[in-house]
Amino acid sequence: MKVLWQHCHIATMAQGKYSIIEDAALVTADGLIQWVGPRSEVPVAEYAHAHDLHNAWVTPGLIDCHTHSVFGGNRSGEFEQRLMGVSYAEIAANGGGIASTVLATRAASEDELFASAYKRLRNLMRDGVTTVEIKSGYGLDLHNERKLLRVIRRLGQALPLSVHATCLAAHALPPEYKDRADAYIDYICAEMLPALAAEGLVDAVDAFCEYLAFSPDQVERVFIVAQQLGLPVKLHAEQLSSLRGSSLAARYHALSADHLEFMTEEDAIAMAAAGTVAVLLPGAFYCLRETQLPPMDALRKHGVKIAIASDLNPGTSPALSIRLMLNMACTLFRMTPEEALAGATHNAAAALGIGASHGSLEPGKVADFVAWQIDRPADLAYWLGGELEKRVVRHGVEVTF
Ligand code: DI6
Ligand code: FE
């Protein structure tokens, strides 16, 4: 069944550029894009339906390639305390910080976690997100990581959204392993990852490489097991200090290394050679009042693909809008609106290992797109929040939610 979508302009985002076609049209069939080009050249065929998009700008469906959307409770109370002068150390000593989210997540039922994450994802979808990655990492034992990953799978079934599940068991040290990080890594490698992978709950494996989380040697042990299980890896690296985690990620042909404020030019060279995407997270940069910028010039110079994501999490980036992240990428990281949009389409798809089927509007790719009532593509990075008038199409079918 062929469907025609016309009277629009298209930013196809092929090769990570706007690649604009004005007065354009798109043909979809069986959930895929069959043809895209100028309206004057639309193939003559029997169309089951012809949609008039009223001069909308069509872009690929947006992809948020780094979120921690499933968690119990939230930390707005701590946010308030910190602004009243209570220090991080005091908050942590009183069981706050990431430990409090682990506690609340462990105490929550699968249904409770599902219901709260469902609402957060609907916020992302209001921005035209059609694909999202969600990490576990607040359970930190087999039972609770499984609970999170099952919720992540359920969200993908319940919402018109493609959901990628990443196991981030190596996110933080759970209280029962206090001062025993190597033993916790043993547990992840010997029990958690093999069991969760066998249950089909894991699409990729991530870890937090940082002096206050796990060392490069510990991360490497997790990567080796992921590789044995046939799972691609990703890494939280160089967020607060330089441990050369991004070079380690490149050695393991990681899909992405994420955060990266403290990465070096050598890391960029290694990432470019390995095809590892740099996922920048302006929400966390902003919330932490970070001043060290990711090395944009080195990333550009060496041709590292740059993606932008929300890092939606209760501690360092309670961000419910990918468009706001595009704006911050421009304002804080000096990216162009075109680079920012590529960061939530073409390059975000690469960061999830789905670049062959998603992230740009080209024949043969999945028909996930958004028809925005905007004046030009830069509007997507220009407005701060709010909801833009649009139509969202996923797998060739218009989405209502
Ligand atoms: N980096 C972050 O910014 C978050 N996790 C991570 O690895 C923080 C998560 C939290 O504070 O809950
Ligand atoms: Fe993160």
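**Strand pairing and metal site**

User: Which residue stands opposite His-236 in β9?

Analyst: This is a predicted model, in which local features need pLDDT of at least 70 and side-chain atom pairs pLDDT 80 or more, while totals for chains, interfaces and linings use all residues. Residues are numbered from 1 along each chain as written, chains are lettered from A and ligands numbered from 1 in written order, and side-chain values use heavy atoms, without hydrogens and water. Strand β8 (residues 204-209) runs parallel to β9 and is joined to it by two bridges; DSSP strands are E runs of at least two residues, helices H or I runs of at least four, numbered from the N terminus, and pairing requires at least two bridges. Opposite His-236 in β9 stands Phe-208.

User: Are the residues on the two faces of β9 buried or exposed?

Analyst: Lys-234 and His-236 lie on one side, Leu-235 and Ala-237 on the other. With buried set at under 20% relative accessible area, exposed at over 50% and partly exposed in between (1.4 Å probe, protein chains only), all four are buried.

User: What is the arrangement of the four donor atoms around the iron ion (ligand 2)?

Analyst: Donors are N, O and S atoms within 2.8 Å of the metal (3.2 Å for Na, K and Ca), and water is not among the atoms, so sites may look incomplete. His-66 (NE2), His-68 (NE2), His-236 (NE2) and Asp-311 (OD) coordinate the ion at 2.1 to 2.3 Å. Four donors count as tetrahedral if all angles lie between 85 and 135 degrees; four count as square planar and six as octahedral if opposite donors are over 155 degrees apart and all others between 65 and 115; anything else is irregular. Because the angles here span 81 to 167 degrees, the arrangement is irregular.
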